[in-house]
Amino acid sequence: MGNNRLEKATSRGLKSLQNQVTEAALEVQKNIGPGFSPHDYCQALAYEFQLRDIPFEREKNVKLSYKGNVAGHYKLDFVVRERMILTILSVDEISDSDKSKMRNFLRALNIKLGMMLNFSRGKVEIKAVYN
């Protein structure tokens, strides 16, 4: 029974975090609009996270391990509150390949929630991916 309560609390916490990130992304989109590079949106979002006291790591380096050896090095746009991977895009649309890649990062890092924010349109496209 205690385990079920923990799962519900974790789920509520992730939903709250997802809402906070979504609100920050909408604020960035409202203020700078579409058409800029992912780097520009990362800069703006990092500042918005600071204003909202949302803890994050930017450009976090991670290693892909394969049977005890390093198979690759990757840089994640954001890890938010050590509980969410956040990827910033500026593409026509978020692809199935983007979603698969996010799922793989979530599994590799044992993180439950990933979000992809696509700023290329007039309205930010937001996709949540769960592990």
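Which residues touch the most other members of the largest nonpolar core? Select L86 and L117: of the 22 residues in that core, these two do. A nonpolar core is a set of buried Ala, Val, Leu, Ile, Met, Phe, Trp, Tyr and Cys residues joined through side-chain atoms within 4.5 Å; buried means under 20% relative accessible area (1.4 Å probe, protein chains only).

This is a predicted model: local features need pLDDT of at least 70, side-chain atom pairs count only at pLDDT 80 or more, and totals for chains, interfaces and linings use all residues. Residues are numbered from 1 along each chain as its sequence is written, and side-chain values use heavy atoms, without hydrogens and water.

Now colour α1 (2-32), α2, β2, β3 (84-89) and β4 (113-118), the elements that give two or more residues to this core. Helices (H or I, at least four residues) and strands (E, at least two) are DSSP runs, numbered from the N terminus. The largest share, six residues, comes from α1.

Next, show the strands. Five form an open sheet, ordered β1-β2-β3-β4-β5, with mixed pairing. β1 (56-66) and β5 (125-130) stand at the edges; each has a single partner strand, so one side of each lacks a neighbour in the sheet. Zoom in on β1 and β2 (residues 69-80), which pair in the antiparallel sense over ten bridges. Strands pair if DSSP finds at least two bridges between them. Here L64 stands opposite G72 in β2.

Finish in helix α2 (residues 38-51) with E48. E48 is buried, at 12% relative accessible area. Beyond its neighbours within four places in sequence, E48 is in contact (heavy atoms within 4.5 Å) with A24, E27 and V28.

How values were computed
Buried < 20%, exposed > 50% of the residue type's maximum accessible area, 1.4 Å probe, protein only.
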